Amino acid sequence: MTAVDTTDFRRARSPQAKQQREAAILEAARALGAERGIRQITLTDIAAAVGMHKSALLRYFETREEIFLRLTAADWQEWQPVLCAELGRLADGDAPGVADAFARTLAARGMFCDLLAQAPMNLERNVSVDAVRAFKLVTLSAVEAIVAAVRARLPDLTEGDGVDLMAAATSMAGSFWNIATPGPEVAALYRADPRLAHAIVEVEPRLARILAALLEGAVARRRAETAKH
């Protein structure tokens, strides 16, 4: 990514100009994160990419973590309607189909998977309480909508089952994506040594298998509980 000459930067004076500057910062951070991985990107990198000094960027965002937390929230808002639409096309009772929809839509969003892994470990830990609150409210809204869409297809599940599914899907997607995208030297090691082939993870099929097993087990458990009564 080519940095912009910092002499081109002018401080945003109006609310509209401020929003445009924030959008440019977020876009630059997204491009850098997709290219090099979120953990590798510093505030200085982002400032250089938008043609700003680091001190000027801090007028818009408190920390690099706040920038990436905003991106995580935006990705939740983008993913939720896509997944809900996928779930809406499934037949009732299709637990493997629900698992596939989660796995497919998450695996197609590598940057989101990386953000999901980083959010609880880093991004929520160096921001203001207000920033965390705003992020959590976005995720809560998305989770509620997705859980409702899952239960429409799998009515035997409780709301708690749906929340457990969300936690499993998002946490594993983040972990699996990071395992599947090691640095170039480590990736070459895995390819060169057959004994290490197990370390090469294909995110979508593994996630689909695990989620299908989780869902089928939860449905069977709830049906057994209903039969007892």
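Y190 touches P182, L196, A199 and I200, where touching means heavy atoms within 4.5 Å and residues up to four places away in sequence are not counted. The model is a predicted one, in which local features need pLDDT of at least 70, side-chain atom pairs count only at pLDDT 80 or more, and totals for chains, interfaces and linings use all residues. Residues are numbered from 1 along each chain as its sequence is written, and side-chain values use heavy atoms, with hydrogens and water left out.

- Y190 is found in helix α9, helices here being DSSP runs (H or I, at least four residues; strands are E, at least two) numbered from the N terminus.
- Y190 counts as partly exposed because its relative accessibility is 21%, given that buried means under 20% relative accessible area, exposed over 50%, and partly exposed in between (1.4 Å probe, protein chains only).

**Confidence**

- The mean pLDDT of the protein chain, that is, the predictor's confidence in each residue from 0 to 100, is 91, and 94% of the residues reach 70 or more.
- Helix α9 (residues 184–192) has the lowest confidence, at a mean of 84, whereas helix α5 (residues 95–107) has the highest, at 98.
- Over residues 1–9 the pLDDT is below 50, and this stretch has 22 contacts in the model beyond near neighbours in sequence.

**Overall architecture**

- The secondary structure of the protein chain consists of 10 helices and 0 strands.
- The C-alpha atoms fill a box of roughly 70 × 50 × 30 Å, taken along the principal axes.
- Of the 229 residues of the protein chain, 43% count as buried.
- Among contacts between residues at least 6 apart in sequence, 73% join residues at least 24 apart.

**Surface and charge**

- The accessible surface of the protein chain, from the Shrake-Rupley method with a 1.4 Å probe (for residues, only the protein chains shown count as cover), comes to about 12200 Å², of which 53% belongs to carbon and sulfur atoms.
- The mean positions of the 28 positive and 29 negative charges are 3 Å apart, with Lys and Arg counted as positive, Asp and Glu as negative, and His and the chain ends not counted; the place of a charge is taken as NZ of Lys, CZ of Arg, CG of Asp or CD of Glu.

- D161, placed in helix α8 (residues 159–180), is buried because its relative accessible area is 5%.
- The side chain of D161 reaches the backbone nitrogen of T158 at 3.0 Å, and D161 also touches A218, R221 and R222, not counting residues up to four places away in sequence.
- E22, in helix α1 (residues 15–36), counts as buried because its relative accessibility is 13%.
- A polar contact of 2.6 Å joins the side chains of E22 and K18, such a contact being a pair of N or O atoms within 3.5 Å; within protein, one must be able to donate a hydrogen and the other to accept it, and residues adjacent in sequence count only if both atoms are side-chain atoms.
- E22 touches Y60, F61 and R70, not counting residues up to four places away in sequence.

**Surroundings of A47**

- A47 lies in helix α2 (residues 43–49) and counts as buried because its relative accessibility is 2%.
- A47 touches M52, H53, K54 and L57, not counting residues up to four places away in sequence.
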